[in-house]
Amino acid sequence: GSYDNTIKVWNLQTRKEECTMSGHNGSVLSLSISPDGRRLFSGSYDSSIKVWDLQTGKEEARLNGHCREVLTISVTPDGTRLVSGSYDNTIRMWSLRPDKAEPVFSKRGDSCEMIFGYSSPVVDVLLSEDCSSSPSLFRHCTVPEA
């Protein structure tokens, strides 16, 4: 992800760029790959999360819900949920369909499952191995208020 609003995919063996993904209207601040390696999720300064097909480099969906920059995103180890943290002081959990390649959310992407609120921006979210069974197992880090 980059401040030029793009994501570049590189081949580490050849050291060549394989594709550039464009579509965010702000810097790309966070990335996460699905456990099956088929999808890339990107969080941006434009407050959105985008879902990309890594095979084609095309955007599949846009997730709307945060009202500030998306600073961190992480996919659960079982691939059933995407968790995002934002400068809007929230953690949101997005449901993904585990039995199909397609996410549960629509193209408009308003399927946010639950919201956790904090008194300051959420800059990182770490997930435990069994996080899919209990959302209370989130670990987070926030920036102290100035």
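Let's start with the open sheet: it has 4 strands in the order E3-E4-E5-E6, paired antiparallel. Strands here are DSSP runs of at least two residues, marked E, while helices (H or I) need at least four, and numbering starts at the N terminus. Two strands pair if DSSP finds at least two bridges between them. E3 and strand E6 (59-63) stand at the edges, each with a single partner strand, so one side of each has no neighbour in the sheet. On average, neighbouring strands of this sheet are turned by 20° against each other, direction ignored. Those angles are taken between lines fitted to C-alpha atoms, on a scale from 0 to 180 degrees between N-to-C directions; helices would be fitted over the stretch in contact.

A word on the source. This is a predicted model, where local features need pLDDT of at least 70 and side-chain atom pairs count only at pLDDT 80 or more, while totals for chains, interfaces and linings use all residues. Residues are numbered from 1 along each chain as its sequence is written, and side-chain values use heavy atoms, with hydrogens and water left out.

Back to the strands. Strand E4 (residues 39-44) and strand E5 (residues 49-53) pair in the antiparallel sense over 5 bridges. Serine 42 stands opposite lysine 50 in E5.

Keep lysine 50 in mind. Which residue forms a salt bridge with lysine 50? Glutamate 59 does, with the closest N and O atoms 3.1 Å apart. A salt bridge means a side-chain nitrogen of Lys or Arg within 4 Å of a carboxyl oxygen of Asp or Glu. Is lysine 50 buried or exposed? Lysine 50 counts as buried, because its relative accessibility is 4%. Buried means under 20% relative accessible area, exposed over 50%, and partly exposed in between, with a 1.4 Å probe and protein chains only. Glutamate 59 is partly exposed, at 32%.

The whole structure has 5 salt bridges. Another one joins the side chains of glutamate 69 and arginine 68, at 3.1 Å from N to O. Glutamate 69 is buried at 11%, and arginine 68 is partly exposed at 36%. Aspartate 36 and arginine 38 also meet in a salt bridge, at 3.6 Å from N to O. Aspartate 36 is partly exposed at 46%, and so is arginine 38 at 45%.

Now the inside. The largest nonpolar core has 11 residues, including Phe41, Ile49, Ala61, Val70 and Trp94. Such a core is a set of buried Ala, Val, Leu, Ile, Met, Phe, Trp, Tyr and Cys residues joined through side-chain atoms within 4.5 Å. E5, E6 and strand E7 (70-75) each supply at least two residues of this core. E7 gives the largest share, 3 residues. Apart from this core lies another, of 6 residues, among them Val83 and Leu127.

Next, the hairpin. Strand E1 (residues 6-11) and strand E2 (residues 16-22) run antiparallel, joined by 6 bridges. Asparagine 11 has lysine 16 in E2 as its bridge partner. The hairpin has 4 residues between E1 and E2, and arginine 15 in the turn has a positive phi of about 60°.

Last stop: leucine 29, in strand E3 (residues 28-33). Leucine 29 is partly exposed, at 30% relative accessible area.
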